[in-house]
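Colleague: I would like to learn how to read the interfaces in this model. Please take them one at a time.

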Amino acid sequence: MGLQTGDVLSMQDYRGGYGDADILHSVSLTVGEKEIVVIVGPNGAGKSTAMKAVFGLLKTRGGSIHFDGNDVSRWAPNKIVQSGICYVPQVENVFREMTVHENLEMGAFLRKGDLRDAFDRVYTLFPDLVAKRSALAGSLSGGQRQMVAMGRALMLDPKLLLLDEPTAGLSPRYMEQIFQITRDVRDAGVSILLVEQHAKQALAFADRGYVLAAGANRHTGTGAELLADREVAEMFLGG
Amino acid sequence: MEIWGLLNYAIFMATFIGIYALLSLGLNIQWGLGGLFNAGIAGFFGVGAYTSAILTTQPVDGRLGGFDLPIVIGWISAMIVAMLIAWPIEKICSRLRSDYLAIATIGIAEVIRLVIKSEDWLTNSARGITQVPRPFGDLPYFESQLAYLVIVVALVIVAYVLIERQLKSPWGRMMRAIRDNEPAARAMGKHIESRRQEAFIFGAAFMGLGGALFAHLNRSITPEAIDPMVATFLIWIMLILGGSGNNRGAILGAVVVWIIWSFTEILTDQLPHEYAIKAKYIRIFLIGLMLQLVLRFRPEGLLPEPQSGTPMPSEATGQKTKEREA
Amino acid sequence: MIDLINFYIVPGLVLGSIYALGAIGITLVFSILRFAHLAHGDLATLGAFIAFAIVSGIGASPWAALPFAMIATAIVAVGIDKVFYDYLKERPKILTVMASLGMALMVRSVIQVVWGVDSESYARGIVRPENYFGIRLKDREILTVLAMVVLVVVLQLFLQKTKWGKAMRAMSDNPDLARLSGVDNRLVTIMTWSIVGGLCAAAGFFLGINSEVRSMMGWNMLLPMFAAAILGGVGRIEGAVLGGLIVGLAEELSVLILPSEYKAAMAFAILLFMLVVRPTGLLRGKVL
């Protein structure tokens with residue numbers, strides 16, 4: 001199916017990989033406006049890879065990816081960034097030796113003109129960072145660093161935010177905080193696609209989810225639907 | 001007379017090539033096998049030369065020496081002293097990237113040069129050590145040169161065989177495993193740092209021996225006998241051009257580069273005097289350029305390593321994601 | 001005491017400032033381009049000789065020649081990278097180190113062919129030091145330290161306050177994230193080499209004006225400059241300055257306990273000491 005009205009992102013039967021081998025065999029997913037969509041699945045399912053495909057880090061060998069009316073299947077990352085998709089990597093996602101404010105500045109590197117509204121938006125979303133604006137990102141706690149990482153990505157006012165395992169290594173308290181922040185970002189008008197290892201919690205807070213396994217779709221539905229599904233539960237023993 | 005002259009020159013050249021082949025083989029163990037960047041080869045060379053000279057010459061006033069030991073002892077000691085110096089240098093750098101070893105070896109070569117130049121009582125400073133004995137030195141000139149060539153060639157062959165055997169041994173296989181995939185080797189519990197130290201010390205021994213052979217060939221050794229940077233660099237380009245990781249490549253590189261180097265010297269010697277001086281630096285420029293060209297267009301060298309995997313030691317410096325056209 | 005200052009501390013600070021200028025360049029290449037730049041010393045020699053050529057060629061004052069020498073050396077540095085290092089950038093960095101060793105020899109031999117191996121000087125005649133409350137300082141010595149301070153301040157302002165300065169810091173910090181943010185790697189590389197070339201020329205110039213201009217001058221500084229950069233902490237500009245001053249002072253003060261021929265060995269001793277005890281340096285930089 002092609003791009004449906006209301007879809008911000010649409011990935012159709014996507015096939016691709018890094019080198020010669022395909023990691024994704026047939027992945028389809030959509031993200032609508034003001035939606036949080038999560039990709040879950042066992043290790044090696046290709047969750048992060050699917051996200052990297054959206055961001056242009058993979059070799060596309062089949063299928064397509066459409067964003068905001070454009071076919072971005074073969075675009076390079078910097079062009080994709082300019083078109084409105086921002087990516088927050090799982091690790092090494094801040095400049096540790098630069099201050100919080102400088103990190104945000106670097107997030108807006110490609111933007112010209114006045115950045116004040118962008119800073120306002122981020123500091124409003126993440127009030128904790130205001131007091132820490134001059135602190136080095138490397139000196140912050142894990143949760144605060146994740147805020148900086150997301151804030152960095154939001155400086156370009158993206159339509160779609162890609163989050164790669166944002167709660168990895170965080171305590172339950174920070175995890176909840178990140179989920180709350182993510183909801184705030186969605187309410188501010190940004191669509192969010194994220195990959196999560198903590199499937200249960202992620203499905204509880206997301207609007208819709210996709211379960212991937214071995215590089216292809218397995219299940220899809222709203223968060224609640226997937227949580228209730230027995231097959232899905234079996235895939236994640238204790239997940 | 002002409003024929004004799006040419007023959008003598010050929011024998012002299014061949015002896016030099018043999019000595020440089022030994023140095024190149026030594027570097028191959030350090031770089032080709034161990035991935036270690038030794039930018040101070042001249043230091044180990046010098047240490048070997050002076051050790052052997054000091055130990056094998058007659059007593060002389062004002063200078064330590066006169067042990068008048070047999071030449072073989074001199075040569076073996078040269079290797080041992082080179083190894084003794086190599087060990088701490090590598091150990092200090094063993095957990096750090098190769099860049100640091102490059103700097104440290106530049107440093108140790110400098111310090112060795114300083115000691116040679118300043119410590120009168122040890123090295124006779126600028127005047128150097130003379131009357132270094134020669135094996136079969138009492139023979140007539142031609143026979144003596146020939147005898148020395150035979151010795152050097154024999155040593156090269158022995159070295160080659162020895163190193164080849166080591167390469168095929170479990171130690172050699174482990175070295176290659178470390179070089180080709182360090183994270184995997186480390187995960188298997190291989191003690192990377194010790195193996196690298198062994199490679200460095202092993203290679204240094206050959207460099208010390210080369211220095212000793214040089215001193216005994218010329219029957220003397222002075223601080224000015226070799227230009228340290230040029231010598232170090234010549235050996236590097238011998239190895240890279242010949243094919244690093246590859247013993248035959250090391251020897252071939254020595255042959256090719258030394259012939260080119262000597263040939264250009266003959267050419268520039270024909271020039272009028274004021275150009276001849278500058279010509280030396282032009283030759284150095286060309287040899288530097290040659291390395292850049294080889295690195296660019298034929299980094300595997302003339303004799304690429306037959307093994308699978310890169311001839312160049314790989315480092316886990318992280319691969320970047322390939323960038324597409326925007 | 002006053003003799004200590006005049007004969008050891010002042011020369012140490014002057015030499016230290018020169019080393020600092022070189023060490024900053026080394027630390028920039030280490031942290032942004034991620035390799036040990038072995039041609040750094042000879043690039044400094046080149047800068048010194050370009051200034052000399054301007055002075056002897058058109059009779060300009062050495063101080064007027066300095067900025068042009070810095071610009072010229074910057075251009076040469078960018079050119080060298082384009083031709084000899086750029087194609088190696090996807091391969092293990094040690095190969096770039098090797099190429100830089102070859103470059104050192106090439107640059108030096110060009111200098112030796114063009115200008116010969118004799119010592120040259122920017123100005124003739126003996127310069128008497130002025131007396132400042134017992135401390136004897138030559139104008140050029142004051143200017144050397146002053147220039148180092150000015151250049152460091154300007155560089156720090158650039159790195160801390162400008163967009164591209166921050167881009168350079170970002171590349172040093174996290175190259176993948178920098179690229180993700182849209183930082184153009186090639187532009188950062190060109191900027192880095194321009195700055196490095198300029199600083200090298202300054203280091204060579206100030207060494208030349210305080211002593212003499214010879215073809216081996218830069219190579220002889222290589223070890224102290226690396227020792228200084230590592231002592232201060234790789235990637236830290238203030239570290240390079242601190243390291244430079246310490247190495248310079250240590251060299252001059254070493255004469256009190258070591259024979260003067262071994263001045264050059266001080267840098268090596270400091271280098272080994274740091275590598276053993278604290279490779280991250282005094283100000284905790286990277287270890288490459």
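**Reading the interfaces of chain C**

Modeller: Start with one pair: A:Glu105 and C:Lys166 form a salt bridge, with N to O at 2.6 Å. This is a predicted model, in which local features need pLDDT of at least 70 and side-chain atom pairs pLDDT 80 or more, while totals for chains, interfaces and linings use all residues. Residues are numbered from 1 along each chain as written, chains are lettered from A and ligands numbered from 1 in written order, and side-chain values use heavy atoms, without hydrogens and water.

Colleague: How many salt bridges does the rule find across the interface of chain C and chain A?

Modeller: A salt bridge is a side-chain nitrogen of Lys or Arg within 4 Å of a carboxyl oxygen of Asp or Glu. Between chain C and chain A the rule finds 2. Between chain C and chain B it finds 0.

Colleague: How much area is buried between chain C and chain A?

Modeller: Interface size is often given as the accessible area lost when the parts come together. Buried area here uses a 1.4 Å probe and is summed over both parts. Chain C and chain A bury about 1,600 Å², 58% of it on carbon and sulfur atoms. C:Asp173, C:Leu177 and C:Leu180 supply 35% of the area that chain C buries there, more than any other three residues.

Colleague: And what is the buried area between chain C and chain B?

Modeller: About 4,500 Å², with 74% from carbon and sulfur atoms. C:Ile94, C:Met98 and C:Leu105 supply 15% of what chain C buries against chain B, more than any other three residues.

Technical notes: Buried area = accessible area lost by both parts, 1.4 Å probe.
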